[in-house]
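Hi,

Here's the structure I promised to pass along.

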Amino acid sequence: MEPNPDRIARPWGDRTPYPAGGTWPARTDTHLAEGLGPGDVDRWTKAASVLHSNGDAMDVAVRDGRIVGVRGRAADRVNHGRLGPKDLFGWQACHSPDRLTRPLVRDRGQLVPCSWDTAMDRIVTRTRELMAGPGPEAIGFYTSGQLFLEEYYTLAVIARGGLGTPHLDGNTRLCTATAGESLKESFGSDGQPGSFTDVDHADTLALFGHNVSETQPVLWMRILDRLTGPDPPRLVCVDPRPTAAAGRADVHLAPRPGTNLALLNALLHETVRTGRVDRTYLDAHTVGFEELAERVAPCTPEWAAGICDVPAREIVRAAELLGGARRLVSTVLQGVYQSHQATAAAVQVNNLHLLRGMLGRPGCGVLQMNGQPSAQNTRECGADGDLPGFRNWQNPDHVRELAGIWNVDPERIPHAGPPTHAMEIFRLAGEGGIGLLWISGTNPAVSLPELARIRGILAREGLVTVVQDLFLTETARLADVVLPAATWGEKTGVVTNADRTVHLCERAVDPPGLARPDLDVFLDYARRMDFRDRAGAPLVSWHDAESAFEAWKRCSAGRPCDYTGLSHRRLHESASGIQWPCDAEHPDGTERLYTDGFPWAHPDVCESYGKDLATGDPHDADAYRALNPDGRAVIRSAAYEPPREEPDAAYPLRLTTGRTLYHFHTRTKTGRAPQLDAAAPEVWVELSAGEAAVRGLAEGDLVEVATRRGALRGRLRVTAIRDGLLFVPFHYGYWDTPGGTGGGDAPGRAANETTATDWDPVSKQPLFKTAAARLTLVERGDGRPSRAPTTTASAPLDPTVPPTAGGPAARARQRP
């Protein structure tokens, strides 16, 4: 056991090396409130992390009706007892004195406390007005990646089967839409082929745009323990920043932002050229190889080097490691998903595994990662823009099947066109097409691109905005109705992580004041709206989390994400989470998908017929059936195109945004945990040492980053980031500043003041990685103001140096 570990200065803890094919040793990490020991805990309650997508299993410590700490669950398959910084300290936000405890409504321009009846009556009245007038398309829902499965499914039934609106999406559109889309493009259905346990067997690991050391620190602990054990795997890292993972890599490729597809096409070129292709596997299980081979034939390492600004010899070295692997695991995250040609690039990682025949075996897998804890659940339940159960909106049989489960007319379920994605929902809200926008568990006034535009939409006269959250966030301050929600530890429900592991989070304590679980809020709305099925019975017939889960099981039955072998009771009694599909055929869950072909790629059952990787136009059933009549994996290729916004004389730098180890999303929870807030209290700007020297800038200088959309200010950190690139963490907003919403005349600190309203044509995921920017010196680090503006580049935090308290210079000197 490692009690109360210092996970600020040493975020990944001690090493427990183990060999390939071995078992990752357990280590129980614990953090309790000051002065308490394990003997002071009244009881422990099961939970899993809701501050990243790793799904770390933990037990919640309760004393005198309050949460007082956490410990890792040593028997769990995901973390073997380990917890990261956000796991260990984030629970403290539950006790923050500024928790919302009563509903609020806007009265004469001010938010004032009210009863639940008053708040819900206002929402129901507006809903009925819109349904009687413009109809269901005037109502939109924007949810989270942090709620529970039962809540997402209930919301999907309300939106699709009750109201009949196509406007339902989640902020998972910002973090994981490309993951789901890339899996559908290649394999016909969502769902991770691989498992975290593949790290235990792999001889080669490849990280594509995945800063695993900060976004999934416990998964990085697992990788570190393999790297420090006997027979360590080789590591390839693709990231423009010098992350901790990049520092341990055998090959680190740092391409220009927006050029991932060119780099991947060159890696595939080398794979084909050198004959490192499993033709037997390809012939048996895939279609499309010949087209790919033709597409990448001219994509030499030299060609890619000119585009990516990466040495051709390093591309060749990476290709040799990938091509020589006997057991290859690849992971992908925001460096790909939030960049130019996102889906096209993510699909090429799938293609690499298909060409090498490396799927469905221990140590051979792809993990198209998620950014948020329950992002997988939004996609399964249809709360992200798809239909529940990974059903295909273009397949009439799937729509009829779903309508039969809900006992509604199939025409009530919107399926005439693609479900509305988040960026389109906000456009419609801004133009008056949506009159009620219900936002649950997320903070778009900080997390969406081009924040001045988003603030204008949320404040538009005629739009009634409902915000359901824990705190008076930047978004809640602009709302017409604010609903106080319960959080993790205060409600019960299921969370499914990035490798399909299902955990049960149980209610440990009561929520404060009048706050309610999100599920209770949705159930109350359904009752007040009196949604009915064709027989006149309540459409939403369940009453709590357990009965909602049972309803979901009926919806998931026979689909790729089959939960029918699970129950709240079984998850409560199990020492570990269990991976779906879990059904009569797989009673103990399923560690890896596609061990013998790709059954969910068949035209009759696939979740998607695919899209054009350049335009995003959906393929129809006839075209897909002609391409893939027998249901094989589809190898799809795409040509590289330059990013739409390139640096120029006015904006000579490239700006990329991202995450930091100590914060999650918009700091709504982590900014209220003392240790995490002290570790990274303020936004910063990263710049390379070379660029800083040329421009006469130094560590700690106050600088302004500006794009064509807006500006922000932060202190400079000088690191080994590639020249010409600025990095800014996106977490920082305005809830803890005067005014609370930003939008004043002075530049703020939110990275998304600067990012563009632009998205990938296939996944519709916004692009946060490729803006053109300029840098201006505002004030020297010693407090002296700048006499003249200085245009400069910027660099990222040294990933081996956790951003602890004490100022940027002090942080730069520390090592974990």
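Before the notes, one term: a polar contact here is a pair of N or O atoms within 3.5 Å; within protein, one atom must be able to donate a hydrogen and the other to accept it, and residues adjacent in sequence count only if both atoms are side-chain atoms. Bear in mind that this is a predicted model, so local features need pLDDT of at least 70, side-chain atom pairs count only at pLDDT 80 or more, and totals for chains, interfaces and linings use all residues. Residues are numbered from 1 along each chain as its sequence is written, and side-chain values use heavy atoms, with hydrogens and water left out.

Let's start with T475. The backbone nitrogen of A445 sits 2.9 Å from a polar atom of the T475 side chain. Those two residues are 30 apart in sequence, yet their C-alpha atoms are 5.0 Å apart in space. T475 belongs to the loop between β17 (464–469) and β18 (481–484); helices (H or I, at least four residues) and strands (E, at least two) are DSSP runs, numbered from the N terminus. With a relative accessible area of 1%, T475 is buried, where buried means under 20% relative accessible area, exposed over 50% and partly exposed in between (1.4 Å probe, protein chains only). Setting aside neighbours within four places in sequence, T475 is in contact (heavy atoms within 4.5 Å) with I439, N443, P444, A445, L458 and V467.

Next, helix α4 (residues 177–187). 11 of its 11 residues are buried, so α4 is largely enclosed by the rest of the structure. What do those buried residues of α4 pack against? The list is α13 (334–337), α14 (342–356), β15 (365–368), α15 (375–381) and β22 (633–634). Just after α4 comes G188, with a positive phi of about 85 degrees.

R379 is in helix α15 and is buried too, at 2% relative accessible area. Its side chain makes a polar contact of 2.4 Å with the side chain of T176. Not counting residues up to four places away in sequence, R379 touches several residues, including A179, G180 and L183.

The structure holds 10 cavities of 30 Å³ or more. On a 1 Å grid over the protein atoms alone, a cavity is a set of points where a 1.4 Å probe fits but cannot get out, and lining residues have an atom within 4 Å of a point. Grid points are joined across faces, edges and corners, and a volume is the space filled by probe spheres set on the points.

The largest cavity has a volume of about 300 Å³. Of its 24 lining residues, G209, D239, Q334, G335 and K769 lie nearest its centre. β23 (653–658) and α13 each supply at least two lining residues, and β23 gives the most, with three. The lining divides into six nonpolar, 13 polar and five charged residues (Ala, Val, Leu, Ile, Met, Phe, Trp, Tyr, Cys and Pro count as nonpolar, Asp, Glu, Lys and Arg as charged, and the others, Gly among them, as polar).

The second largest cavity takes up about 240 Å³. Its lining has 21 residues, with Q146, G441, D469, L470 and K669 nearest the centre.

Finally, I looked for disulfides (pairs of cysteine sulfur atoms within 2.5 Å), and the whole structure has zero. For C505, the nearest cysteine sulfur is that of C94, 11 Å away.

Cheers

Methods
On a 1 Å grid over the protein atoms alone, a cavity is a set of points where a 1.4 Å probe fits but cannot get out, and a pocket is an open set with protein on both sides within 12 Å along at least five of seven lines; lining residues have an atom within 4 Å of a point.
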